[in-house]
Amino acid sequence: MNNTSQQKNQRPSLSVEIAGLRLKNPVMPASGTFGYGQEYAPFFDLDELGAIVTKGLSLHPKAGNPTPRIAETTSGMLNAIGLQNVGVEDFIRDKMAFLRQFRAPVIANFFGNTLEEYGEMARRLSDLPEVSAAELNISCPNVKKGGIVFGTDPQAAAEVVSLVRRHLDKPLIVKLTPNVTDITVMARAVEEAGADAICCINTLTGMAVDVHRRKLRLANGTGGLSGPAIRPVAVRMVYQVVQTVKVPVIGVGGITKAEDALEFLVVGARAVQVGTANFVDPLAMPKIVEGLERFCREQGMDDINEVIGSLQST
Amino acid sequence: MQNYNSTVLSNQELSPGYYRMRILAPGYVSAAKPGQFVMVRVRGGLEPLLRRPFGIFRTGFMPADCEGLPDKEYVEILYKVVGSGTSLLQDLHQGDRVELLGPLGNGFDIHPAAEQVLVGGGIGLVPLYMLARQLVKGGNVRLLMGGRCRDDILAVTEFERLGVATYVSTDDGSLGEEGLVTEVLERKLAKYPRTNVYACGPTPMLRAVHELCRTRKVPLQVSLEAFMACGVGACLGCVVKGAGHSESDPHYLCTCKEGPVFRAEQLEWDLLEKGHDDCGCTEEEA
C-alpha cells in the first residue's frame, strides 16, 4: 500500500476550534435539550460529543412556567418551559461531579434577570475549572428596564456582554435571539462588546391555537418554536452573521441529521448545536457525528475544516 | 432503558377505536416494571415529529418463527386512536418498523396487603395489568373498571385469567353496572377498609378516587399521563404541580422521570390540571 492510499484510509479529522477551545468534533447539544448531560448518558458516551452544553443556569433556582408547556406543531414544537433550572449552587453541588468524568469540554449556558445577576453568574462560572466556556443567553427580559429583552436591543445587549466579559475568565459565547429585524446589528454589537463566539439562533417566538377549545395551546400563550420547521431561517441568519463578524459562529436551528449540520458548516458555521432532535432520537448527535465523518470520506476530505465556509458563489 | 428500531409483531383492534400492538422488545421481560412506559415513533419522516408515550400493558415471550431460535421477547401497548401519532400506529402491520425507547419512568411501589384494589378508567387500565400480575401473588386483587360505554371496557378477561376479581361499570349501563367506577370503589372501601388502591384514568376520576381514599386514609398510587417531548427528564415539558405548590413557591414534578406513578400525597390535587383525557396516548384530540 502506498502512502497516498494509506492517508485515504485514515479517519478524517472532525476537530474544530472555537474561541480557543479545541473540540473533538463540531457537534454539541443546544442548551435546554440535554439537561445537564445525565439524562442522555445511558444512551451513548458523552465524550463522543464536541462539547456538552448545560441547561440554562441562573443565580437562583427557577421553577419555570405553568403547564401546558409544550405543543407539537408542523415539523417542530413550541416550548415555554420558563428556563426551569436548579440554580448555580445546586448545579455545582449536584451536577459537577458527573460532568467532571468527561473529557468533552463543558459549556455552561446562563442567564439573568438583571445586569447584576448576569455579572454575578459570570463571576461564579469563572470559579469553576470544570467549565471550559460560558454561553450567554440574552433572550431574557430585563426586569429592571420594563422587561425589554436584552437580546433585541443592541445597546442593552452590548451592555450585558461587556459586563459579563469583564467578570468572566473563560471564552464567552453569546447566543442570539432571531426575534429581531436585523440579526447582523445584534451580532456586530455583541462582537464589539467582547463576545469570543456567537451562537445563533435561539427559538423563534410562536403561538398555536386549539381550535376545538378556542384556547392557546401553551399556558404561557407564546413559546419558542424549534425543530426542522425553523432550519431555513436559522441557515439564513447564520449565513448573514458569518458575513458580518470575525468571531466564530455556532449554528443551531432544526438540525436532525448530518446533511442539516453540513448546511450550517458550508455557510460558515464553525460548529453546530442539536436541540429538538435529541428529544426525537436520543442518539441524534452521535449519528450526526458519524454522518459528518462519512461525508468527509465520501468527498475525499481529511479535515472537516475544508467544509466550513466552502459555499460557492453562484 | 434502551432505544432501538424494532418490529411490529401484531396490531389488532380490540374494540372500536382501541388497538393492541405487540412490538419485539429484547430485554423488556426482565427490565420493565409495572407502571413504566415506552416512547414510540413510527420510523422516518418529520410528521409528527415527536414520539408518543404509551403505558406498558405487558411483556412476555412468544415462540420464535422457526425451531432452534430463541423465543421472541415482546412488549404490548394498548392505545386509543385520537390524533396524528396514533392514526399512524393504527395503520401499521406485522413486520413494520417502529422506534422503541424504554422502559421509562418510575413504576408502582408494591405494598403487600391481603386486599388490593385497582381502579381503571378506559385506556387507564393499561398500567394495571403487570401490577395485577405481581399483586395476585400476595393477596386478593380486585379490578374496578369503568368507561363511558362498553367499547371503553378492555381486556377484562385477561385480568380474570390472572385470578383478579373484576367489577365493570359504564356511564350508560351498556356493560356491567350503570354508574361511575368511583361508586363501586366507595362500596369496596366500606367493605375492605384495609386495602391499597392503585388507579389510572381521566383526571376527574382520579380526583374522585383520591377524595375517597383520603377520607378513608387508604394509601393511593396514581399513574398520570402528560404530553411530553423526550420521556427522559430533559425537556421539562411534562411537569405536574407537586404537593405544596404555590405561585410564590412553585414545585413541579416531571411526569416522565419522577412519575408517571405518584403517591397521592406527592401531588397538589386542587391544581391537578385536566391535561389528560382518557385517551391513553396524551395526544391532542384530532
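The contact between the two chains takes 29 residues from chain A and 26 residues from chain B, two residues being in contact if their C-beta atoms, placed from the backbone, lie within 7 Å. On the side of chain A that touches chain B, β5, β6 and α8 (276–280) each supply at least two residues, where helices (H or I, at least four residues) and strands (E, at least two) are DSSP runs numbered from the N terminus. By class, this side of chain A has 14 nonpolar, 11 polar and four charged residues; Ala, Val, Leu, Ile, Met, Phe, Trp, Tyr, Cys and Pro count as nonpolar, Asp, Glu, Lys and Arg as charged, and the others, Gly among them, as polar.

The model is predicted, so that local features need pLDDT of at least 70 and side-chain atom pairs count only at pLDDT 80 or more, whereas totals for chains, interfaces and linings use all residues. Residues are numbered from 1 along each chain as its sequence is written, and chains are lettered from A and ligands numbered from 1 in the order in which they are written.

A cis peptide bond was found in chain A between Thr67(A) and Pro68(A), with omega of about 0°, and Pro68(A) is located in the loop between β4 (52–53) and β5 (70–73) of that chain. In chain B, the peptide bond from Gly102(B) to Pro103(B) is likewise cis, with omega near -10°, but here Pro103(B) lies in a strand, β7 (residues 97–104).

Positive phi values occur at Ser75(A), where phi is about 50° although the residue is not a glycine, and at Ala155(B), also a residue other than glycine, where phi is near 55°. Ser75(A) is placed in the loop between β5 and β6 (76–79) of chain A, and Ala155(B) in the loop between β9 (140–147) and α4 (156–161) of chain B. With 18 other C-beta atoms within 10 Å, Ser75(A) is partly exposed, whereas Ala155(B), with 23 such atoms within 10 Å, is buried; a residue is buried if 20 or more other C-beta atoms, placed from the backbone, lie within 10 Å of its own, exposed if 12 or fewer, and partly exposed in between.

Pro63(B) is situated in the loop between β5 (58–62) and β6 (72–80) of chain B, and this proline counts as exposed because it has 10 C-beta neighbours inside 10 Å. The C-alpha atom of Pro63(B) is separated by 9.0 Å from that of Glu73(B), the two residues being 10 residues apart along the chain.
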